[in-house]
Amino acid sequence: MQAIQVENLSKTFRVKRKEKGMRGSVKAIFHPQTEEIRAVNGVSFSVPEGEILAFIGPNGAGKSTTIKMLTGILYPDGGRVEVLGVDPTKQRRQLAYQIGTVFGQKEQLWTHLTPHDNFRFFGAIYDLTERETEVRIDELSERFALKDFIDIPVRNLSLGQRIRCEMVVALIHKPKVLFLDEPTIGLDPVVKENVRELVKQMNREEHTTIFLTSHDVGDIEKLCRRIIIVNDGRIVMDDSVEHLKSHYPHKQAADIVEQDRGNEAAGSGDISDASLEDIIVEIYKSQGEE
Amino acid sequence: MYGWGKRNAAGALSLARGRGGRVKGMPWRKYAVIYRLVLLENLQYAANIVVGFFSYAVFIYTFIMLWEYMYRTPGELIAGYTKEQMIWYVMMTEMIWFGSGAASVAREVSTDIRGGNIAYLMNKPYHYTLYVLAKYTGEWSVRLPMYAMLAAGIGTLMVGPLPGFPLTAVPGMAVCVVLGLTINAVFKMCISLFSFWIEDAAPFQWLYDKLLLIVGTMFPVEIFPKALQPLFKLTPIYTVFYGPAKLIVDFSPEKCVEILAAQAVYLAAGCGLMFLIYGKGVKKLYVNGG
């Protein structure tokens with residue numbers, strides 16, 4: 001059963017170009033120049049229900065644009081998308097009841113409210129009854145260990161506490177698919193680990209499909225079995241993390257890079273993290289050279 | 001099972017029912033919750049509104065002096081208005097202008113579209129425009145009554161109560177004022193929604209505001225040349241300012257019904273236009289990736 005199906009998806013943006021200085025500004029009024037940028041270029045993939053997928057790539061590769069098309073925020077120029085069997089562009093609001101989103105760089109909580117009030121608010125937004133919302137709040141606040149700060153205004157919480165609350169907001173309506181866009185950005189290693197555990201738990205217990213983008217290799221290695229790497233709007237690799245680590249032809253080169261790091265990496269006692277990171281960097285670099 | 005073209009089977013069913021039992025037949029509940037939250041937030045900052053009283057008082061004092069000078073003889077009529085009626089008319093329109101704070105609605109929509117924040121608001125199961133309207137209603141629900149009390153106080157002290165004004169007219173007038181504010185917000189949102197196509201809708205907002213301010217609030221429509229008056233009555237001036245303010249100086253149930261009917265037509269047309277522009281514009285949305 002496929003939770004997400006994408007076929008030949010494309011999105012082009014038209015951006016303005018302006019020459020420098022006053023002359024350029026005046027010229028742009030009478031002869032505006034634009035340039036087309038292919039943010040996503042013929043991407044095809046599918047995600048089975050219950051899978052945790054890493055969708056990664058360098059900055060500007062088209063990851064967030066793809067997420068925005070999957071959630072119905074952006075309209076594709078070409079191709080087809082189905083999430084949970086519906087077209088996000090045609091049934092965006094109906095689909096919103098079935099998906100959750102966490103954008104690590106964008107807060108969706110109302111900062112003057114307490115987490116508890118925020119959860120009640122989002123429960124109403126998702127048409128849950130008050131009783132259902134309270135039951136779900138109890139369940140999630142237990143799981144995400146929010147009891148100590150659930151009644152403190154969000155503006156007074158630490159980043160780690162806020163991200164946990166963001167996760168609860170995204171899960172309040174029991175979504176079938178969870179989109180996580182850099183959920184651990186800016187968090188300390190302990191909180192990161194905590195968030196990863198919670199994501200795994202949600203996936204295990206509620207069978208939630210998770211679509212993850214992250215620049216943190218730790219997120220990918222500890223959460224995902226499958227990885228899709230995009231660059232320049234195209235998929236350059238779609239493989240299992242295990243297979244990538246053991247069979248990628250550049251592994252040897254990556255190992256050399258790792259050895260060059262000397263005792264620092266060895267001393268960390270976590271060679272496997274560095275190895276995947278080096279492989280990913282190698283892939284990014286090799287794509288950049290083509 | 002999900003798959004291409006299978007949404008009418010399991011997909012559609014699960015979208016309709018969701019995972020938990022959802023509140024059916026109460027689509028406005030979520031907007032009421034948004035309204036309540038913003039209202040509570042604004043109540044905390046009610047003291048800040050008092051600062052704006054100074055501008056209103058100066059404005060009204062200037063107009064009282066102007067009309068004191070213009071009306072040289074007692075009982076004189078200008079454009080069919082006595083001095084007291086003219087001053088109460090201006091106080092009413094300025095109360096609506098200051099109390100509505102409609103600039104915030106325009107600013108919010110423009111900023112959301114240009115800054116890309118709209119992407120994070122669109123993926124929730126509510127209509128973005130109604131979400132903004134609900135928030136705005138929560139804002140003016142605190143501000144407008146405060147300005148109404150100020151206007152009543154200044155008017156009674158400096159001009160005296162209007163002879164022949166029935167207190168029973170207050171509920172009808174209040175409904176007209178509320179509808180007028182909503183119509184104004186809808187039209188300002190329509191202008192801001194053009195930010196989907198143009199870089200900055202502010203110049204159009206400026207033109208609209210100045211038209212309303214000069215023609216709608218400072219003088220009654222009857223002051224202007226007869227040839228222009230029917231034209232002004234076709235603009236939002238009639239439903240937003242002139243209509244509700246006219247009721248305070250010349251109330252009759254028939255006039256109240258006439259204004260309410262015009263407002264209903266305007267609101268329906270304005271909302272239709274707003275949904276149309278939003279529906280078209282959202283397909284043009286360009287949001288930078290991450």
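Between them, chain A and chain B bury about 4,900 Å², and 59% of that area is on carbon and sulfur atoms. On the chain A side, the residues that lose the most area to chain B are A:Ile73, A:Arg93 and A:Ile125. Together those three account for 12% of what that side buries. Please keep in mind that this is a predicted model.

Counting contacts, 56 residues of chain A meet 43 residues of chain B.

How many salt bridges does the rule find across the interface of chain A and chain B? It finds one. The partners are B:Lys30 and A:Asp127, and their closest N and O atoms are 3.4 Å apart.

Which elements of chain A supply at least two residues each to the side that touches chain B? Among the strands there are β1 (2-17), β4 (78-83) and β5 (99-103). The helices are α2 (63-70), α3 (92-96), α4 (115-125) and α5 (130-143). Of these, β1(A) gives the most, with eight residues. Sorted by class, the side of chain A that touches chain B has 24 nonpolar, 16 polar and 16 charged residues.

Next, chain A as a whole. It has twelve helices and nine strands. Its length is 290 residues, and 55% of them are buried. Take the contacts in chain A between residues at least 6 apart in sequence: 71% of them join residues at least 24 apart. The accessible surface of chain A comes to about 13,000 Å², with 47% of it belonging to carbon and sulfur atoms.

Last, one residue in chain B, B:Phe63. It sits in helix α3 of chain B, which covers residues 46-70. Is B:Phe63 buried or exposed? Its relative accessibility is 10%, and the cut-off for buried is under 20%, so B:Phe63 counts as buried.

What is B:Phe63 in contact with, once its neighbours within four places in sequence are left aside? The contacts are B:Val90, B:Met218 and B:Phe219. There is also a C-alpha separation to report: B:Phe63 and B:Met86 are 23 residues apart along the chain, and their C-alpha atoms are separated by 9.6 Å.

Notes: Residues numbered from 1 in each chain as written. Chains lettered and ligands numbered in written order. Predicted model: local features only at pLDDT ≥ 70, side-chain atom pairs only at ≥ 80, totals over all residues. Heavy atoms only, no water. Contact = heavy atoms within 4.5 Å. Buried area = accessible area lost by both parts, 1.4 Å probe. Salt bridge = Lys/Arg side-chain N within 4 Å of Asp/Glu carboxyl O. Helix = DSSP H or I, 4+ residues; strand = E, 2+ residues; numbered from the N terminus. Nonpolar A, V, L, I, M, F, W, Y, C, P; charged D, E, K, R; others polar. Buried < 20%, exposed > 50% of the residue type's maximum accessible area, 1.4 Å probe, protein only. Areas by Shrake-Rupley, 256 points an atom, 1.4 Å probe, with all protein chains shown as cover.
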